[in-house]
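Please open the model in your viewer and keep the selection tool ready. The stops below say what to select next and what is to be found there.

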Amino acid sequence: MMMGERWIGETPVRYYLLAEHLPGGKTDYGLRLAVPDGDSAELRGLTFSSRAIRELLDRLMRCDVTPISLHDIVEDWLISECHS
């Protein structure tokens, strides 16, 4: 589900929420960033928390994160989540 689009310079970046419904009623969340006709990056299985993934997506959009830097930014987020 597309959650938003930001223009970074002259390049649109689209931000998507990914959800995979698992047996037992849990939902596994991830995200995807894509530049139309360009780079994209997708990370699945980041969290079971819809609140956490939405907060992360909001932060990615506010900070103009692109597909190229997504993996590094999310790695830092995961580390901070583990230590909080």
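Predicted model: local features only at pLDDT ≥ 70, side-chain atom pairs only at ≥ 80, totals over all residues.

Residues are numbered from 1 along each chain as its sequence is written, and side-chain values use heavy atoms, with hydrogens and water left out.

**Strands**

Begin by selecting residues 27-34, which make up strand E3; helices (H or I, at least four residues) and strands (E, at least two) are DSSP runs, numbered from the N terminus. Of the 8 residues in E3, 7 are buried, where buried means under 20% relative accessible area, exposed over 50%, and partly exposed in between (1.4 Å probe, protein chains only).

**Thr-47**

Where does the bridge partner of Tyr-29 lie in E4? It is Thr-47, a buried residue with a relative accessible area of 15%. The side chain of Thr-47 reaches the backbone nitrogen of Ser-49 at 3.0 Å. If neighbours within four places in sequence are set aside, Thr-47 is in contact (heavy atoms within 4.5 Å) with Thr-27, Asp-28, Tyr-29, Ala-52, Ile-53 and Trp-77.

**The cavity**

Next, select Leu-18, Ala-19, Glu-20, Asp-28, Tyr-29, Gly-30, Arg-44 and Gly-45, the residues that line the largest cavity. The elements giving two or more residues to this lining are E2, E3 and E4. On a 1 Å grid over the protein atoms alone, a cavity is a set of points where a 1.4 Å probe fits but cannot get out, and lining residues have an atom within 4 Å of a point. The count is 1 cavity of 30 Å³ or more, and the largest cavity holds about 40 Å³ of space.

**Two loops**

Select Asp-37, which is placed in the loop between E3 and E4. The hairpin of these strands has 5 residues between them, and Asp-37 is exposed there, with a relative accessible area of 88%. The phi of Asp-37 is near 60°, a positive value in a residue other than glycine. Most residues other than glycine have a negative phi.

Then move to Asp-64, in the loop between helix H1 (50-62) and helix H2 (70-82). Asp-64 has a positive phi of about 55° although it is not a glycine, and Asp-64 is partly exposed, with a relative accessible area of 30%.

**Arg-54**

Finish in helix H1 with Arg-54, which is partly exposed at a relative accessible area of 37%. Not counting residues up to four places away in sequence, Arg-54 touches Met-3 and Leu-17. For a distance check, select the C-alpha atoms of Arg-54 and Lys-26, which are 28 residues apart along the chain and separated by 16 Å.

Notes
Polar contact = N/O pair within 3.5 Å; in protein donor to acceptor, adjacent residues only side chain to side chain. Pairing = 2+ DSSP bridges. 1 Å grid on protein atoms, 1.4 Å probe; cavity = no way out; pocket = protein on both sides within 12 Å on 5 of 7 lines; lining within 4 Å. Points joined across faces, edges and corners; volume = space filled by probe spheres on them.
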